[in-house]
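Here is a short tour for anyone opening this model for the first time. Keep the 3D view handy and follow along.

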Amino acid sequence: MGANLDVKTLALIGVGASVGANCFPCLEQKVTDALKAGASVEEIAQAVQLGEEAKIQPNQGIKALADMLLQNAQSLLNRGSAGGCG
(Lines give C-alpha, C1' and ligand atoms only; values in the text may rest on other atoms or scores of the structure.)
Protein backbone atom coordinates (compact mmCIF):
# COMPACT_ATOMS: atom_id res chain seq x y z
CA MET A 1 0.00 0.00 0.00
CA GLY A 2 2.68 2.47 0.91
CA ALA A 3 0.53 5.21 2.47
CA ASN A 4 0.71 5.74 6.21
CA LEU A 5 -2.12 7.58 7.88
CA ASP A 6 -1.35 9.71 10.90
CA VAL A 7 -2.57 8.74 14.37
CA LYS A 8 -5.35 11.34 14.43
CA THR A 9 -6.76 10.23 11.08
CA LEU A 10 -6.69 6.59 12.14
CA ALA A 11 -8.49 7.43 15.38
CA LEU A 12 -11.15 9.40 13.49
CA ILE A 13 -11.67 6.50 11.10
CA GLY A 14 -12.02 4.30 14.18
CA VAL A 15 -14.69 6.62 15.57
CA GLY A 16 -16.74 6.36 12.39
CA ALA A 17 -16.25 2.59 12.19
CA SER A 18 -17.29 2.18 15.83
CA VAL A 19 -20.48 4.13 15.22
CA GLY A 20 -21.17 2.09 12.10
CA ALA A 21 -20.69 -1.13 14.06
CA ASN A 22 -22.70 0.08 17.08
CA CYS A 23 -19.76 -0.86 19.29
CA PHE A 24 -20.09 1.07 22.55
CA PRO A 25 -16.71 0.17 24.12
CA CYS A 26 -14.94 0.70 20.78
CA LEU A 27 -16.49 4.14 20.40
CA GLU A 28 -15.43 5.23 23.86
CA GLN A 29 -11.86 4.08 23.21
CA LYS A 30 -11.66 5.64 19.74
CA VAL A 31 -13.06 8.99 20.91
CA THR A 32 -10.47 8.98 23.69
CA ASP A 33 -7.75 8.08 21.17
CA ALA A 34 -8.89 10.86 18.83
CA LEU A 35 -8.85 13.45 21.61
CA LYS A 36 -5.38 12.34 22.69
CA ALA A 37 -4.23 12.59 19.06
CA GLY A 38 -5.38 16.21 18.90
CA ALA A 39 -8.74 15.86 17.16
CA SER A 40 -11.25 18.58 17.90
CA VAL A 41 -14.76 17.89 19.12
CA GLU A 42 -15.98 19.11 15.72
CA GLU A 43 -13.76 16.63 13.87
CA ILE A 44 -14.97 13.79 16.07
CA ALA A 45 -18.58 14.85 15.51
CA GLN A 46 -17.96 14.74 11.76
CA ALA A 47 -16.55 11.21 12.07
CA VAL A 48 -19.64 10.19 14.09
CA GLN A 49 -21.88 11.65 11.38
CA LEU A 50 -20.04 9.70 8.68
CA GLY A 51 -20.49 6.51 10.67
CA GLU A 52 -24.21 7.24 10.97
CA GLU A 53 -24.49 7.91 7.25
CA ALA A 54 -22.84 4.57 6.49
CA LYS A 55 -25.66 2.81 8.37
CA ILE A 56 -28.53 4.49 6.49
CA GLN A 57 -28.65 2.22 3.44
CA PRO A 58 -28.47 -1.09 5.32
CA ASN A 59 -31.10 0.15 7.78
CA GLN A 60 -33.40 1.17 4.94
CA GLY A 61 -32.80 -2.16 3.23
CA ILE A 62 -33.69 -4.29 6.25
CA LYS A 63 -36.77 -2.15 6.90
CA ALA A 64 -37.92 -2.65 3.29
CA LEU A 65 -37.42 -6.41 3.60
CA ALA A 66 -39.39 -6.51 6.87
CA ASP A 67 -42.23 -4.56 5.25
CA MET A 68 -42.27 -6.90 2.25
CA LEU A 69 -42.27 -9.99 4.49
CA LEU A 70 -45.15 -8.65 6.54
CA GLN A 71 -47.14 -7.86 3.40
CA ASN A 72 -46.60 -11.44 2.26
CA ALA A 73 -47.01 -13.14 5.62
CA GLN A 74 -49.51 -15.74 4.42
CA SER A 75 -47.32 -16.86 1.53
CA LEU A 76 -44.42 -17.23 3.98
CA LEU A 77 -46.53 -19.55 6.11
CA ASN A 78 -47.53 -21.57 3.05
CA ARG A 79 -43.93 -21.82 1.86
CA GLY A 80 -42.42 -22.98 5.14
CA SER A 81 -39.11 -22.11 6.70
CA ALA A 82 -36.36 -20.49 4.66
CA GLY A 83 -33.72 -21.30 7.25
CA GLY A 84 -32.04 -18.46 9.03
CA CYS A 85 -29.19 -17.83 11.37
CA GLY A 86 -30.69 -18.77 14.68
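The bend at a residue is the angle between two axes, one fitted to the seven residues ending there and one to the seven starting there.

## Ground rules

This is a predicted model, where local features need pLDDT of at least 70 and side-chain atom pairs count only at pLDDT 80 or more, while totals for chains, interfaces and linings use all residues. Residues are numbered from 1 along each chain as its sequence is written, and side-chain values use heavy atoms, with hydrogens and water left out.

## The overall picture

The protein chain has 4 helices and 0 strands, giving the pattern α-α-α-α along the sequence. Helices here are DSSP runs of H or I with at least four residues, strands are runs of E with at least two, and both are numbered from the N terminus.

How much of the chain is buried? Buried residues account for 15% of its 86 residues. The word buried means under 20% relative accessible area, exposed means over 50%, and partly exposed covers what lies in between (1.4 Å probe, protein chains only).

Contact means heavy atoms within 4.5 Å. Take the contacts between residues at least 6 apart in sequence: 54% of them join residues at least 24 apart.

## The nonpolar core

A nonpolar core is a set of buried Ala, Val, Leu, Ile, Met, Phe, Trp, Tyr and Cys residues joined through side-chain atoms within 4.5 Å. The largest one here has 7 residues: Ala11, Leu12, Val15, Ala34, Ala39, Ile44 and Ala47. Helix H1 (7–21) and helix H3 (41–71) each give at least two residues to this core, and H1 has the largest share, with 3 residues.

Click on Ala47 to see who it meets: setting aside residues up to four places away in sequence, Ala47 touches Leu12, Val15 and Gly16.

## Helix H3 and its kink

H3 has 31 residues, which at 1.5 Å a residue should span 45 Å, and its end C-alpha atoms are 44 Å apart, in agreement. The expected span is 1.5 Å times one less than the number of residues. Where does H3 kink? Look at Ile56, shortly before the proline Pro58, for a kink of about 30 degrees.

The buried residues in H3 are Ile44, Ala47, Gly51 and Lys55. Their cover includes H1 and helix H2 (24–36).

## Two buried polar residues

Lys55 has a relative accessible area of 14%. Its side chain is joined to that of Asn22 by a polar contact of 2.7 Å. Such a contact is a pair of N or O atoms within 3.5 Å; within protein, one must be able to donate a hydrogen and the other to accept it, and residues adjacent in sequence count only if both atoms are side-chain atoms. Asn22 sits in the loop between H1 and H2 and has a positive phi of about 55 degrees, although it is not a glycine.

Ser18, in helix H1, is buried too, with a relative accessible area of 6%. The side chain of Ser18 reaches the backbone oxygen of Gly14 at 2.7 Å.
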